[in-house]
Amino acid sequence: MWIGRIGEGTMTVLLPFLVNAGLNFVLGLLVALFLGPEAFGLYAIGAATVVLVNTALLDWLKLSVVRFYSLQSRESDPGIRATLDLLFAGVSLSLCALLAAAMLAGVDARLPAALLMVSVAGGIAAGWFDYHAAIARARFLDAAYARLVLVRSVAALILMVGGAWWTRDPAIVLLGGVLSAVAAVLANRGRLADARPVSGALRSDLMRNFARYALPLVAGNAVYATIPLLNRAILAESHGFAEAGYFSLASDIGLRLFPVLASMLEIVLLREVIRLDETRGRVAAQKRIARNMVVVVACVLPVALGFWLILPSFERLFVPQGFRGHFAGHMALLLPGFAAIALFQAALAPVFLLAKRTLIAALAALAGLIVDLAIIFALPGALEPATVAVAQSAAYLTALLVTAVVALRALPALPPLREIACILVAGAVMGLAIWPLRGTLPAALELSLQIGLGGLVYAAVI
């Protein structure tokens, strides 16, 4: 059974991810509580800018680490790490110079200058963190990886929530995120340094390999990151920052939870796929990807369905008063899209990463963006908050469908359909078991019963 594949090293990685997911929940809700809807809407646009900067300009280096840098290549070709280090420094300095030039030229980004500067710094800091986290994963330094994640999570909770409580300033909150990422890397950088560092000029052959492999995937990820930023900006322009804040709280929590879940699954599953590819060949690795899809669906389905079922009690218990009445409605419409993100990242992306055929991700993301804009501007109820939420989910579902068609055709075997059917039945039974509890009990009791009963029923059927 697939559960038996999880060992001690894997649990060292899983535990900080679980802690991180919990702290991310608390972080988003507390920042929203102290900032209020309008300031939180401005903060959310800055946070989406952080994600876009990191994804569009620095994420390709993290992806190159995952695919090209390993224990074996570290010894056989130390120039890989040296080239990646120089590329990261060069891109970061170029981005800072570009921002300074734009501000001196008076370019209007429609954001306060302090928020814009901190957002760009946040993108660089997030990229620096992700780059070192990828190095730890590639070298199976599970303890160092766990420390990275935990230090950043705890520091972010203290600094960002403290900044929101003390100043009510979105820029200060984002600055707390910058400092937490930098602190995490500095606390672990010695463990992640190469024993035989290589200095010298950039190797153009490696640069071409990295770019050819990663840039199409990054283009797709940049489009995915653009979709929530664009949707928040549309709501802020048409309905004000408060409405953007209502939408953004639900969007932020989903975009924190589901990518973290997908990353956790990716770390557990992808490195075994790459190891199989190196030791037993491509077909064996592809068959493992097909079997891993069952694991991904078994994890993502109960989280998405369960979150939808507990929304009324969760909103009453945890969501700040100023956001109630808006959060659950937005989250219910956004959840299918969040599940699609997790399924793509953990189940389908490994197919393209292994084959180094990453262009499909960019094309699928563009299809999703087109669907998003078409729904927002063309359908009845254009520019309404509910329409924007539906459009965002539809965008991610479109991208999932496009990539699924291509990925499944590329595999030598399909995922075991009997096990997929079992998972769907388990989800349906779980839903039937806890649906009658919705809105019937005090929030704390209702939520506890829903989680406990739902988990037991799902596990029993599985």
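Modeller: Axes are lines fitted to C-alpha atoms, for helices over the stretch in contact, and the angle between two of them runs from 0 to 180 degrees between N-to-C directions. The model discussed here is predicted.

Biologist: How is a pair of packed helices to be read, and at roughly what angle do helix H7 and helix H11 cross?

Modeller: Two packed helices are described by the angle between their axes and the distance between the axes. In this model, the axes of helix H7 (residues 204-239) and helix H11 (residues 359-378) cross at roughly 15° and come within 6 Å. H7 is therefore roughly parallel to H11, since angles under 35 degrees count as roughly parallel. The crossing of H7 with H11 is left-handed.

Biologist: Which residues make the contact of H7 and H11?

Modeller: On the H7 side, they include Pro216, Leu217, Ala219, Gly220, Val223 and Tyr224. On the H11 side, Leu359, Ala361, Ala362, Leu366, Gly368 and Phe377 are among them. By class, the contact of H7 with H11 comprises 18 nonpolar residues, three polar residues and one charged residue.

Biologist: Are H5 and H6 roughly parallel or roughly antiparallel to each other?

Modeller: The axes of helix H5 (residues 142-167) and helix H6 (residues 170-192) cross at roughly 155° and come within 7 Å. Angles over 145 degrees count as roughly antiparallel, and H5 and H6 are therefore roughly antiparallel to each other. The crossing of H5 and H6 is right-handed. In the contact of H5 with H6 there are 16 nonpolar, six polar and three charged residues.

Biologist: Let us turn to charged pairs. How many salt bridges does the structure hold?

Modeller: Side chains of opposite charge can pair when their charged atoms come close. The structure holds four salt bridges. One of them joins Asp59 to Lys62, with the closest N and O atoms 3.2 Å apart. Both residues lie in helix H1 (residues 8-68), where a spacing of three residues amounts to about one turn of the helix.

Biologist: Is Asp59 buried or exposed, and how is Lys62 classed?

Modeller: The cut-off for buried is under 20% relative accessible area. Asp59 has a relative accessible area of 7% and is therefore buried. Lys62, at 21% relative accessibility, counts as partly exposed.

Biologist: What separates Arg81 and Asp85 along helix H3?

Modeller: Arg81 and Asp85 are four residues apart in helix H3 (residues 79-104), so about one helical turn separates them. They form a salt bridge whose closest N and O atoms are 3.3 Å apart. Arg81 counts as buried at 9% relative accessibility, whereas Asp85 counts as partly exposed at 33%.

Biologist: Which helices hold Arg316 and Glu446?

Modeller: The side chains of Arg316 and Glu446 meet in a salt bridge at 2.8 Å, N to O. This pair links distant parts of the chain, with Arg316 in helix H9 (residues 282-318) and Glu446 in helix H14 (residues 443-461), 130 residues apart. Arg316 is partly exposed, with a relative accessible area of 36%. Glu446, by contrast, counts as buried at 0% relative accessibility.

Biologist: What are the corresponding values for Arg67 and Gln450?

Modeller: Arg67 and Gln450 are 383 residues apart in sequence and 41 Å apart in space, C-alpha to C-alpha. Arg67 lies in helix H1 and counts as buried, at 15% relative accessibility.

Definitions and conventions
Residues are numbered from 1 along each chain as its sequence is written. This is a predicted model: local features need pLDDT of at least 70, side-chain atom pairs count only at pLDDT 80 or more; totals for chains, interfaces and linings use all residues. Side-chain values use heavy atoms; hydrogens and water are left out. Helices (H or I, at least four residues) and strands (E, at least two) are DSSP runs, numbered from the N terminus. Buried means under 20% relative accessible area, exposed over 50%, partly exposed in between (1.4 Å probe, protein chains only). Angles under 35 degrees count as roughly parallel, over 145 as roughly antiparallel, 65 to 115 as roughly perpendicular and the rest as oblique. A crossing is left-handed if the near helix is turned anticlockwise from the far one by less than a right angle, and right-handed if clockwise. Ala, Val, Leu, Ile, Met, Phe, Trp, Tyr, Cys and Pro count as nonpolar, Asp, Glu, Lys and Arg as charged, and the others, Gly among them, as polar. Contact means heavy atoms within 4.5 Å.
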